[in-house]
Amino acid sequence: EERIDQRDLAGKILSEVRKVNVQWYDVLVLHCVEELPHAEAARRLQISETVFRARLAGRGHMSERISER
């Protein structure tokens, strides 16, 4: 049951992230859901690995924006 709750929570978080910023959503899906290495995820998004890492680092800012909703 705990596993189902975690999946439900993850789905809700991703849904809220997508509403706030689709770029963060794409990064999180590739990194956290698909578990791709940074280089491969960046290649799929057609951005540099540096930009990918910067967007991933923006998670703190993203959580603040989501909590304001």
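H38, A39, A41, A42 and L45 of helix α3 meet E49, F52, R53 and L56 of helix α4, where contact means heavy atoms within 4.5 Å. The residues of this contact divide into six nonpolar, one polar and two charged. In this sorting, Ala, Val, Leu, Ile, Met, Phe, Trp, Tyr, Cys and Pro count as nonpolar, Asp, Glu, Lys and Arg as charged, and the others, Gly among them, as polar.

The model is predicted: local features need pLDDT of at least 70, side-chain atom pairs count only at pLDDT 80 or more, and totals for chains, interfaces and linings use all residues. Residues are numbered from 1 along each chain as its sequence is written, and side-chain values use heavy atoms, with hydrogens and water left out.

The protein has five helices and zero strands. Its elements run α-α-α-α-α from the N terminus on. Both kinds of element are DSSP runs numbered from the N terminus: helices are H or I with at least four residues, strands are E with at least two.

Helix α3 covers residues 38–45, and its axis and that of α4 come within 8 Å and cross at roughly 100 degrees. Axes here are lines fitted to C-alpha atoms, for helices over the stretch in contact, and angles run from 0 to 180 degrees between N-to-C directions. Angles of 65 to 115 degrees count as roughly perpendicular, under 35 as roughly parallel, over 145 as roughly antiparallel and the rest as oblique.

Helix α4 (residues 49–57) also meets helix α2 (residues 22–33); the two axes come within 9 Å and cross at roughly 100 degrees. That makes α2 roughly perpendicular to α4. On the α2 side the contact is made by Q23, W24, V27, L28 and H31, and on the α4 side by F52, R55 and L56. The residues of the contact divide into five nonpolar, two polar and one charged.

What is buried in α2? The buried residues there are W24, Y25, V27, L28, V29 and L30. Buried means under 20% relative accessible area, exposed over 50%, and partly exposed in between, computed with a 1.4 Å probe on protein chains only. C32 lies in the helix α2 too, but C32 is partly exposed, at 42% relative accessible area. C32 and A10 are 22 residues apart in sequence, while their C-alpha atoms are 10.0 Å apart in space. Over the 69 residues of the protein, 25% count as buried.

Y25 has a charged neighbour: R18 lies over the face of Y25, at 4.8 Å from the ring centre. A charge sits over a ring if NZ of Lys or CZ of Arg is within 6 Å of the ring centre and within 35 degrees of the ring normal.

Most residues other than glycine have a negative phi. E35 is in the loop between α2 and α3 and is exposed, with a relative accessible area of 63%. Q46 lies in the loop between α3 and α4. Phi of Q46 is positive, near 60 degrees, and Q46 is a residue other than glycine. Q46 counts as exposed, at 73% relative accessibility.
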